[in-house]
Amino acid sequence: MILWLVETYFATPRLGRLQHAATNLALAALNGGLLFFSVGLLSVYVCSVSSAEPFGLVRVVLSFLALDLFSYLWHRANHRFALLWRFHAVHHSDSAMDVTTAGRFHVVELGIAGIVRLPLLYLLGVSTTALLIYETALVMVSMMHHSTIALGRFDRIARTFFVTPSIHSVHHSRDSDLYACNYSSVLSVWDRLFRTFHLTRGPVQHGLDTHNDRKSVRSLLASPFHNDHNRGEQ
Ligand SMILES: [Zn+2]
Ligand SMILES: [Zn+2]
């Protein structure tokens with residue numbers, strides 16, 4: 001809320017920001033409601049049966065790294081495979097990216113991600129504590145890196161470790177060469193490790209040429225089922 005108010009203060013134009021926020025937040029609320037009571041509780045259950053130890057610092061750190069690496073690979077898969085891209089494009093079609101874009105995902109994308117991740121939680125013995133720590137960090141960093149608030153000189157230090165607005169803004173570029181980079185979610189190390197890290201100077205135009213920036217929750221939910229788009233990673 002605070003981030004959104006600060007963004008609105010600096011935004012030009014400010015008109016339409018309320019409707020934009022309402023659509024994205026309604027989608028986020030729908031996702032939260034549907035996913036918490038399904039794949040969310042299932043994930044907590046899997047963690048509770050796969051991990052005998054409730055808390056261990058080393059284990060929490062290793063789990064955090066593994067879950068963030070999964071997020072990176074899953075994000076790349078969303079750009080690589082046409083079927084997954086149809087749903088992920090809902091996130092990228094936002095031409096007025098701001099903090100609320102962090103909640104603009106199609107429920108099918110997040111649902112599949114949660115299901116695909118279940119075996120990983122079990123095999124790695126991720127504890128419920130580790131899962132909650134990672135999910136909290138993911139939400140906070142995601143809100144931060146989608147915001148339009150420039151971090152100034154602090155960005156250089158922050159992006160050594162975390163995905164900052166300057167990194168993620170490039171990923172939302174209309175230029176297909178640019179959106180095929182910067183897939184990391186929380187830690188920026190994965191893009192550096194897999195050579196997908198890229199920064200640009202100057203402003204970046206957000207959105208997709210292949211998609212209308214739909215304004216209602218209903219049209220966003222229906223958009224993956226239209227046949228007019230299937231562009232993914234080149
Ligand atoms: Zn993406
Ligand atoms: Zn994004």
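Modeller: Let's start with the metals: 5.8 Å separate the zinc ion (ligand 1) from the zinc ion (ligand 2). Please keep in mind that this is a predicted model, in which local features need pLDDT of at least 70 and side-chain atom pairs count only at pLDDT 80 or more, while totals for chains, interfaces and linings use all residues. Residues are numbered from 1 along each chain as its sequence is written, chains are lettered from A and ligands numbered from 1 in the order in which they are written, and side-chain values use heavy atoms, with hydrogens and water left out.

The zinc ion (ligand 1) is held through the NE2 atoms of His75, His79, His88, His92 and His171, at 2.1 to 2.2 Å. A donor here is an N, O or S atom within 2.8 Å of the metal (3.2 Å for Na, K and Ca), and water is not among the atoms, so sites may look incomplete. Along the chain, the donors of ligand 1 are spaced H-x3-H-x8-H-x3-H-x78-H. Within this set, His75 in helix 3 and His88 in helix 4 are 13 residues apart, a pair that links distant parts of the chain. Helices (H or I, at least four residues) and strands (E, at least two) are DSSP runs, numbered from the N terminus. His75 is buried, at 10% relative accessible area, and His88 is buried too, at 2%. Buried means under 20% relative accessible area, exposed means over 50%, and partly exposed lies in between (1.4 Å probe, protein chains only).

Now to the neighbour. The zinc ion (ligand 2) is coordinated at 2.1 Å by NE2 of His91, His146, His168 and His172, and these donors follow the spacing H-x54-H-x21-H-x3-H. Why is this arrangement called irregular? The four donor atoms subtend angles of 92 to 163 degrees at ligand 2, which makes it so. For reference, four donors count as tetrahedral if all angles lie between 85 and 135 degrees; four count as square planar and six as octahedral if opposite donors are over 155 degrees apart and all others between 65 and 115; anything else is irregular.

Stepping back for a moment, the protein comes to 11 helices and zero strands, and 49% of its 234 residues count as buried. UniProt, in an unreviewed entry, places the feature "transmembrane region" at residues 25-45, 57-75 and 120-141; positions are given in the numbering used here, feature names are shortened, and annotations may be inferred rather than shown by experiment. In the model, residues 25-45 are 100% helix, with the end C-alpha atoms 27 Å apart. Residues 57-75 are likewise 100% helix, and their end C-alpha atoms are 27 Å apart.

A search of the whole structure finds six aromatic pairs, where rings of Phe, Tyr and Trp (its six-membered ring) pair if their centres lie within 6.5 Å; planes under 30 degrees apart count as stacked, over 60 as edge-to-face and the rest as tilted. One of these joins Phe36 and Phe37, edge-to-face at 5.0 Å centre to centre with 85 degrees between the planes. Phe36 is partly exposed at 47% relative accessibility, and Phe37 is exposed at 62%. Another edge-to-face pair is Tyr72 with Tyr183, 6.1 Å centre to centre and 90 degrees between the planes. That pair links distant parts of the chain, 111 residues apart: Tyr72 in helix 3 (residues 57-80) and Tyr183 in the loop between helix 9 (176-179) and helix 10 (189-193). Tyr72 is buried at 0% relative accessible area, and Tyr183 is buried at 0%. Together with Phe194, Tyr72 and Tyr183 form one aromatic cluster.

Two arginines meet rings as well. The charged end of Arg80 sits over the ring of Phe81, 5.9 Å from its centre, and that of Arg192 sits over the ring of Phe197, at 4.2 Å. A charge sits over a ring if NZ of Lys or CZ of Arg is within 6 Å of the ring centre and within 35 degrees of the ring normal.
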